[in-house]
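I set down here what I looked up in the structure shown below. The entries are grouped by topic.

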Amino acid sequence: MEIQHDRILLGDCRKLLPQLPHESADLIFADPPYNLQLRQELYRPDSSRVDAVDDSWDRFSSFEEYDGFTREWLSACRPLLKPSGSLWVIGSYHNIHRVGAILQDLGYWILNEIVWIKSNPMPNFRGVRFTNAHETLLWAARERGARSTFHHHAMKSLNGDLQMRSDWVLPVCSGGERLREGGEKVHSTQKPEALLYRVILSSTDPGALVVDPFFGSGTTGAVAKRLGRRWIGIEKDPAYAAAAKRRIDAVPESELRTEYLSTPNPRKRERIPFGRLLEAGLLSAGDTLVFDSRGGEKARVCADGSLSWKGGRGSIHQLARILRGGPCNGWDHWLALDRRTGKRVLIDQLRVELREKEKTA
Ligand SMILES: C[S@@+](CC[C@H](N)C(=O)[O-])C[C@H]1O[C@@H](n2cnc3c(N)ncnc32)[C@H](O)[C@@H]1O
C-alpha cells in the first residue's frame, strides 16, 4: 500500500498511529510530553517571569496516568517500524527513565543513550539545584537482534573524521530559528534543527519515511525535507499543526541527487583483490613493494597477487600483520613504484584509480 507522506495528521497519535500501514516507517522520532510537573511560576532574580513549559498538553494527574499514556503510544509505534527501522525518544529526568523501562517492557531494544548537552542552558534561577544542562535521547531497535540502519561513516564525517560519541553538545533553539508570532514563541519546546539533523542522517537513507507522533512546530518535518526524506507528522493542536505546515512549506524541496545526501560506506564498495592491480597492468610480477613510508621491509609481487618475503609467501594482509605485529589492512601499508610518475604511492591509491576507471568504463 502506497503511503501518503509529507503531511500532518491532526489528532491524537494513539488513535492515528494504528491507521498507518504496518512496517512503513524507517524512523520514528518522538518528543512526547515530559510531564514536567511545574507547580508554581518561576521568576528570575530581577523578578521577570520565566517562560517555562506549563502547557496543558504536558499535564498528567499522576505517574500512573503518564505511564499508561506512554505505553499506549509506544505500543502503537512498534508495528509501524520496518525491521531495519528504529525509534528515537527524547526526554528529561522527569520522564525518560519511565519511558526507557516501558520501551524495554514492550520489546524494543535500546541501542544507545545520547546525552544532548546544551551549550547555552537556562540557569537554575533559584540556585537550589544544579543547572539542568542536558536532555536524553534513547535510540531503540524494534526488537533485539534487528539490524537498524546506522550511518557510521556519515556521523564520522560530520564529526571531523572522528567517530561520533554519545554526548552531543548543541545549543538550544534560539535566534532566527525560533518560531515567533507577535514576539511570542510559537511553541514552548521547539527542538533545534541540528539535533534532528544528526538523528535523521544517522538512521535513515534518502527517501526514507520519518514519522513524528508529537510534531509540535514541525522541526522533524523541516529537517526531513531538507535532507530529502519523506515525513508524516501527528499533532493534536490545530494551531501548532498550522504553524508547522507554514514552516515546512517555506523549506525548499531538496533537489539534490541521492549521492549528495548520503555517505558511501567503504565496506560496501565492490571488493577489489590485490591481484586485479596486476591484471589491469598497474603492477607487474617481480615489482617490489616497500612496507610503510619509513622504508622498511621489501617484498616482491608474484603473478598470482601474493607477495614473496624472506622465502615465504602470503597476501598483502597476512604479511602486513606479521610486520606490524597485529591486525592491520595491507592496503594501508604497502607502497609501490608508480611507473608513470616514478614516485612511491600507497597501493590503495592504485586501487582507487582502478575503481574509478572501472566505474567510467
Ligand atoms: C514536546 S512537544 C514537541 C515539540 C516538537 N519536537 C518541536 O520541535 O516543535 C509535544 C507535542 O505533542 C503534542 N501532543 C501531546 N499529546 C499528543 C497526542 N496524544 N497526540 C498528538 N500530539 C500530542 C503537543 O501538542 C505538543 O505540540
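**Entry 1: Thr 220**

I listed the contacts of Thr 220, leaving aside neighbours within four places in sequence, and found Phe 29, Leu 196, Val 210, Asp 212, Phe 215, Trp 231 and Gly 233. Two residues are in contact if their C-beta atoms, placed from the backbone, lie within 7 Å. The model is a predicted one, in which local features need pLDDT of at least 70 and side-chain atom pairs count only at pLDDT 80 or more, while totals for chains, interfaces and linings use all residues. Residues are numbered from 1 along each chain as its sequence is written.

I then looked up burial: Thr 220 counts as buried because it has 33 C-beta neighbours inside 10 Å. The cut-offs are 20 or more other C-beta atoms within 10 Å for buried and 12 or fewer for exposed, with partly exposed in between; these C-beta atoms are placed from the backbone. Thr 220 is part of helix 6, residues 219-226. Helices (H or I, at least four residues) and strands (E, at least two) are DSSP runs, numbered from the N terminus. I also took the C-alpha separation of Thr 220 and Asp 167, which is 20 Å for 53 residues along the chain.

**Entry 2: Helix 6 and helix 7**

I found helix 6 packed with helix 7 (residues 238-249) at an angle of about 15°, the axes being 9 Å apart. Axes are lines fitted to C-alpha atoms, for helices over the stretch in contact, and angles run from 0 to 180 degrees between N-to-C directions. The two helices, helix 6 and helix 7, are therefore roughly parallel; angles under 35 degrees count as such, over 145 as roughly antiparallel, 65 to 115 as roughly perpendicular and the rest as oblique. On the helix 6 side I noted Gly 221, Ala 222 and Lys 225, which meet Ala 244, Arg 247 and Ile 248 of helix 7.

**Entry 3: Helix 2 and helix 3**

For helix 2 (residues 63-77) and helix 3 (residues 96-105) I noted an angle of about 45° and axes 10 Å apart. Helix 2 is therefore oblique to helix 3. From helix 2, Phe 63, Tyr 66, Asp 67, Thr 70, Arg 71 and Leu 74 make the contact, and from helix 3, Arg 98, Val 99, Ile 102 and Leu 103.

**Entry 4: Ligand shell**

I counted 19 residues around the ligand, the closest being Asp 31, Phe 214, Gly 216, Ser 217 and Thr 219. A residue is near a molecule or strand if its C-beta atom, placed from the backbone, lies within 6 Å of it. Helix 1 (13-16) and strand 10 (230-235) each supply at least two residues of this shell.
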